[in-house]
Amino acid sequence: IEVIRGVEPRVADAIGQELEDQRDSLKLIASENYASPAVLLAMGNWFSDKYAEGTVGRRFYAGCRNVDTVEALAAEHAREVFGAQHAYAQPHSGIDANLVAFWAVLAARVEAPALERAGARQVNDLSEEDWARLRHELGDQRMLGMSLDAGGHLTHGFRPNISGKMFDQRSYGTDPATGLLDYEALRKTAREFRPLVIVAGYSAYPRLVNFRIMREIADEVGATLMVDMAHFAGLVAGKVLTGDFDPVPHAQIVTTTTHKSLRGPRGGMVLCDSSLAEQVDRGCPMVLGGPLPHVMAAKAVALAEARRPDFHSYAQRIVDNSRALAEGLLRRGATLVTGGTDNHLVLIDVESSYGLTGRQAEAALLDSGVVTNRNSIPQDPNGAWYTSGIRIGTPALTTRGLGTGEMDEIAGLIDRVLTATTAGVTSAGKPSKAQHVLDAKVSDEIAQRATDL
Ligand code: PLP
């Protein structure tokens, strides 16, 4: 920090303040964690200066032997941890990993047959006419993904994201009565819509997904099954999600982030069947800039950590803690989407439980040292900005060593804050979906307990 302070003290201060904030508050953001010192140090070094476009052993730059070592290790550990045939460690983020996967599927299922028909080896060999036809065909493909309000991610085909502009998209959702994934409705939509790709995976669904059934549906309609396991990769690595609930044996292609429950550096990764390996490895420079060798070094370290037996117990404790948090909230009268959890996250319906919008609840909890995020719930009456949900997750606090007893206490702290919070009014005196009112005595008391924990 002192070295940084000598150059730009405000950055040094912000870094120091971030450490203090993370120590003083309860980090319940479901997508965050605490990476180990080994992971952080693997990221902060001279690898950051290297250019290494290409793949291991086939670079467009000289001097990449050490980058080759770390990229090969990251891929090897990933294949071992997840039992995958092929791993690609270059994506800079989860969104980038999804882009690589989409284009790999498009290349395999649309581009390759077009090249074959035209008797061409690569796109540069196509006539202008064949090229125009192929571009039209690439832009004419369909994707079926989980709806945002049921817990899907923006990159699963939504218009504000490039995926929604690339694909003609339709969504599947959850059963309004139970909040659970409705596989029969999904099957029906898939039969009618005939997508090229079915995307499974979520950011805010508190239950397990049966990937065997998802693959069965994909096969029935000739779709490729892609699973985005960004949120729950740590539970797969830790062998808590196995059999029908492990995406790797069922999907042709699986993407992930490395920084959420997997507890690595910020970044992404793609795992796939050998049949898609060649297309996946073209991620850079097709949709990615040059790889980040320092981050790949940190991915290799994090995946080596995930291969240790203690990672299994870490993953199991994430789920035990999540269940304890859910049970603590239910006992205190809160309404949870789907009535509970089977994974690392819990979605509280704060509108039904406390008469608050997600935005009001998020702000009141932050005042009290409890860091969460507002989130849409299925058929959300408050829309995607204010929302009616609060998403909480246990990967970070589990890394800090907190257990089920503390989770029950934290459920009590959350309930106390939200019970003591009321909706505020705008400056014109009208009811506000953004403002909240919370007695400073309550927020100070809870914030102190959050710091102690
Ligand atoms: N996929 C899912 C399911 C996610 O939840 C997220 C992030 O929240 C992403 C992809 C995007 O990851 P990143 O922020 O690393 O691009």
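First, the ground rules. This is a predicted model, where local features need pLDDT of at least 70, side-chain atom pairs count only at pLDDT 80 or more, and totals for chains, interfaces and linings use all residues. Residues are numbered from 1 along each chain as its sequence is written.

Let's start with helices. Helices here are DSSP runs of H or I with at least four residues, strands are runs of E with at least two, and both are numbered from the N terminus.

Take helix 5, residues 94–118, and helix 6, residues 128–138. Their axes come within 10 Å and cross at roughly 155 degrees. An axis is a line fitted to C-alpha atoms, for helices over the stretch in contact, and angles run from 0 to 180 degrees between N-to-C directions. So helix 5 and helix 6 are roughly antiparallel to each other. The cut-offs: under 35 degrees is roughly parallel, over 145 roughly antiparallel, 65 to 115 roughly perpendicular, and the rest oblique. Helix 5 passes helix 6 in a right-handed crossing.

Who meets whom? From helix 5 come Leu106, Val110, Glu111, Ala114 and Ala118. From helix 6 come Asp130, Leu134, Glu137 and Leu138. Contact here means that two C-beta atoms, placed from the backbone, lie within 7 Å. By class, this contact of helix 5 with helix 6 has six nonpolar, no polar and three charged residues. For the classes, Ala, Val, Leu, Ile, Met, Phe, Trp, Tyr, Cys and Pro count as nonpolar, Asp, Glu, Lys and Arg as charged, and the others, Gly among them, as polar.

Helix 8 brings Tyr183, Leu186, Arg187, Ala190 and Arg191 to the contact, and helix 9 brings Ile213, Ile217 and Val221. The contact of helix 8 with helix 9 divides into six nonpolar, no polar and two charged residues.

Now the ligand. Which residues come nearest to the ligand? Of the 13 around it, they are Ser93, Gly94, Ile95, Ser203 and Ala230. Around it means a C-beta atom, placed from the backbone, within 6 Å. The shell has two nonpolar, 10 polar and one charged residue.

Next, the backbone. Most residues other than glycine have a negative phi, and most peptide bonds are trans. Here are some exceptions.

Arg194 has a positive phi of about 50 degrees. It sits in the loop between helix 8 (183–193) and strand 7 (197–201). Arg263 has a positive phi of about 70 degrees. Its loop runs between strand 9 (253–257) and strand 10 (268–272).

Are these two buried or exposed? Arg194 is exposed, with 11 other C-beta atoms within 10 Å. Arg263 is buried, with 27. Buried means 20 or more other C-beta atoms within 10 Å, exposed 12 or fewer, and partly exposed in between, with C-beta atoms placed from the backbone.

One more backbone spot: a cis peptide bond joins Cys284 and Pro285, with omega about 10 degrees. Pro285 is in helix 12, residues 283–286.

Leu235 is in helix 10, residues 233–237. With 27 C-beta neighbours inside 10 Å, Leu235 counts as buried. Leu235 and His312 are 77 residues apart along the chain, yet their C-alpha atoms are separated by 8.2 Å. Beyond four places in sequence, Leu235 touches residues including Val240, Leu241, Ala315 and Ile318.

Leu28 is in the loop between strand 1 (26–27) and helix 3 (37–43). It is buried, with 25 other C-beta atoms within 10 Å. Leu345 is 317 residues away along the chain, and the C-alpha separation is 9.2 Å. Among the contacts of Leu28 beyond four places are Val370, Ile392 and Leu397.

Ser432 is in strand 16, residues 431–437. With 17 C-beta neighbours inside 10 Å, Ser432 counts as partly exposed. Leaving aside neighbours within four places, Ser432 is in contact with Ala423, Gly424, Val425 and Thr426.

Key:
A crossing is left-handed if the near helix is turned anticlockwise from the far one by less than a right angle, and right-handed if clockwise.
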